[in-house]
Amino acid sequence: MAQTATTGNLENAQRIILAAARYTEEHNAPAMALIEQFTLPKGAKQVTVPKVGQMTMSDLTDGQDIVDEEDIGMTTVDLTAAEVGAKVILTDKLIRQAADNVMSIVGRQLGDGMARKKDNDVTALYSGFGTDIGAAGRAMSLANVSASVAYAKGKNFGSQVYINHHPFAVWDVANTAVTASSTYPVPAGWTADLLGNFFSGLRPINGVPIFEDGNITIDSSDDAIGVIADKSALAVLKSVDTRTERQRDASLRATELVMTSDYGVFELDDSKGAALTLDAGTPATA
């Protein structure tokens, strides 16, 4: 008997796919979880985020008026969103014959694709910071990481500074400074359920956690561009969170399952982060 879009099999299959896709997508995008989150209000086309400068306090003399005037120094950044998505065609025959694990695989593939897209959109912004405190061929040693952390703190990046880099680069820290048993939980203030799988497990250096992102691109010289930044340096604007829709095609005897999201990622404050170009060659086992 031919299946239709309203049969229990297809409904169950869709639920399995969506559950797997949602879970995978939420837990496979560390870069997105490390940045500021904004929501586009209904009926709006953009969100304007203000940024203000610093004010300076002056010494005063008793009985004399305050003469120094301070400027707010406000600038703004306009954030907009754009759609991304993909579709999967599920034939009636597939639904009739498929086991639950096949549907979970389809869901995982969709979730992986959406997570990778979002992750790559964020990591592509790393090279756009005006300062790169790394260099091609430079190892992510304990000394270099400590220097990077000192730079971030000395330049007042903020109170939620983190490092995100490719696992091959992070390996250099573990190889030179930390024993395998020295692991620690995700520091307070970060979303442990979303970032736990990507926390390096190394003791945070001066309170700065190190996260690993295998989606960061390695160039032909085995270098990769990571980041050291405050959470407020980059931002994502979400118009519509990940959603799915389905449409029946009777002549094809199949149903299209469409996954979309509407968002945008932006550099919010160039003074709150720096690119970190480091060696990311494949580690060799002894």
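## Around T123

Leaving aside neighbours within four places in sequence, T123 is in contact with A31, D213 and I216, where contact means heavy atoms within 4.5 Å. T123 belongs to helix α4, which covers residues 100-123. Helices and strands here are DSSP runs numbered from the N terminus, with at least four residues (H or I) for a helix and at least two (E) for a strand. With a relative accessibility of 12%, T123 counts as buried. Buried means under 20% relative accessible area, exposed means over 50%, and partly exposed is in between, using a 1.4 Å probe and protein chains only.

A word on the model before going further. It is a predicted one, in which local features need pLDDT of at least 70 and side-chain atom pairs count only at pLDDT 80 or more, while totals for chains, interfaces and linings use all residues. Residues are numbered from 1 along each chain as its sequence is written, and side-chain values use heavy atoms, with hydrogens and water left out.

At 12% relative accessibility, V106 counts as buried. Not counting residues up to four places away in sequence, V106 touches I17 and V88. V106 and A21 are 85 residues apart in sequence, yet their C-alpha atoms are 7.9 Å apart in space.

## The chain as a whole

Stepping back, the protein chain has seven helices and 10 strands. Of its 286 residues, 39% are buried. Among contacts with a separation of 6 or more, 81% are between residues 24 or more positions apart. The accessible surface comes to about 15,400 Å², and 50% of this surface belongs to carbon and sulfur atoms; such areas come from the Shrake-Rupley method with a 1.4 Å probe, and for residues only the protein chains shown count as cover.

## A four-stranded sheet

Now for the strands. Four of them form an open sheet in the order β6-β5-β7-β10, with mixed pairing. The edge strands, each pairing on one side only, are β6 (210-212) and β10 (273-279). Neighbouring strands of this sheet are turned by 25° against each other on average, direction ignored; the axes behind such angles are lines fitted to C-alpha atoms, for helices over the stretch in contact, and angles run from 0 to 180 degrees between N-to-C directions. Two strands pair if DSSP finds at least two bridges between them.

Let us walk across the sheet. Strand β5 (residues 161-165) runs parallel to β6 and is joined to it by three bridges, and N164 has F211 as its bridge partner in β6. β5 and β7 pair in the antiparallel sense over four bridges, with A229 in β7 as the bridge partner of Y162. β7 and β10 are also antiparallel, over seven bridges, and V227 has A275 as its bridge partner in β10. Seven of the eight residues of strand β7 (residues 223-230) are buried, so β7 is largely enclosed by the rest of the structure.

## Nonpolar cores

A nonpolar core is a set of buried Ala, Val, Leu, Ile, Met, Phe, Trp, Tyr and Cys residues joined through side-chain atoms within 4.5 Å. The largest one has 55 residues, of which M140, Y162, I163 and I228 touch the most other members. Helix α4 gives the largest share of this core, five residues. A second, separate core of eight residues includes V49, L79, A235 and F266.

M140 is worth a look on screen. Leaving aside neighbours within four places in sequence, the contacts of M140 include V145, I163, H165, A169, I210 and L278.

## Aromatic pairs

The whole structure holds four aromatic pairs. Rings of Phe, Tyr and Trp (its six-membered ring) pair if their centres lie within 6.5 Å; planes under 30 degrees apart count as stacked, over 60 as edge-to-face and the rest as tilted. Y151 and F157 make an edge-to-face pair, 6.0 Å centre to centre with 85° between the planes. Y151 is partly exposed at a relative accessible area of 29%, whereas F157 is buried at 3%.

The ring centres of W190 and F211 are 6.0 Å apart and their planes lie at 65°, so this pair is edge-to-face too. W190 sits in the loop between α6 (167-177) and α7 (192-195) and F211 in strand β6, so the pair ties together parts that are 21 residues apart in sequence. Both W190 and F211 are buried. Y162, W190, F199 and F211 form one aromatic cluster.
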